[in-house]
Amino acid sequence: GQNIDQPTEMTATEGAIVQINCTYQTSGFNGLFWYQQHAGEAPTFLSYNVLDGLEEKGRFSSFLSRSKGYSYLLLKELQMKDSASYLCAANSGNTPLVFGKGTRLSVIA
Amino acid sequence: IAGITQAPTSQILAAGRRMTLRCTQDMRHNAMYWYRQDLGLGLRLIHYSNTAGTTGKGEVPDGYSVSRANTDDFPLTLASAVPSQTSVYFCASSDSTGPHNEQFFGPGTRLTVL
């Protein structure tokens, strides 16, 4: 089977750095997606990691370790607008994405 | 149309009624998906289609049916709605189901079954 785990909720302070972890167990793993979803809106794409290591995209970075079945999303210089749910999703073989349940991030002043 | 659209935006439905949620994309994507999203349960795949003319079952297919007569449209039908089908429904599309195929999501349909 396939299993994706991520924390349910996190709180962080404006201007700080937060790391959202995701562990996965899938067969035929290809890569790991991160999506952002604001309340009442649709998920939107943030990043996709195929190779091990860190990929940086502005204030957001995503890391993957294929051997450990582990990924994290790093958000720097947090802003209030970063309050949202963050979904990790594993891409395996030619099957549809398997999503984690999402991590609800609250950014406080 | 730009991207992926869903209709209706929201709907209140009596239990036992039949309902079709519509989804249309203009990106010529081969693959399309239907998810439901419930608090604490995340996005769960209902049905998907790798290409026009084919469909497949996801994690929670019972009580739902889909068809894919052409590339652009992927309607989801609830034959006889039940209160447990109260949820937010998202349609999504991607170029294929292979590697690095980002899914694009529609705005969602909020369905309440009473």
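A disulfide here is a pair of cysteine sulfur atoms within 2.5 Å, and a search of the whole structure with that criterion finds two of them over all chains. This is a predicted model, in which local features need pLDDT of at least 70 and side-chain atom pairs count only at pLDDT 80 or more, while totals for chains, interfaces and linings use all residues. Residues are numbered from 1 along each chain as its sequence is written, chains are lettered from A and ligands numbered from 1 in the order in which they are written, and side-chain values use heavy atoms, with hydrogens and water left out.

Select Cys22(A) and Cys88(A), which a disulfide joins with an S to S distance of 2.1 Å. The link of Cys22(A) and Cys88(A) is right-handed, with 75 degrees about the S-S bond. The pair ties together distant parts of the chain, 66 residues apart, with Cys22(A) in strand E3 (residues 18-25) and Cys88(A) in strand E9 (residues 84-92) of chain A; strands are DSSP runs of at least two residues, numbered from the N terminus.

Next, select Cys23(B) and Cys91(B), whose sulfur atoms lie 1.9 Å apart in a disulfide. Here the link of Cys23(B) and Cys91(B) is left-handed, with -75 degrees about the S-S bond. Cys23(B) sits in strand E3 (residues 19-25) and Cys91(B) in strand E9 (residues 87-94) of chain B, distant parts of the chain 68 residues apart. Cys23(B) counts as buried at 2% relative accessibility, and Cys91(B) counts as buried at 0%.

How values were computed:
Helix = DSSP H or I, 4+ residues; strand = E, 2+ residues; numbered from the N terminus. Buried < 20%, exposed > 50% of the residue type's maximum accessible area, 1.4 Å probe, protein only.
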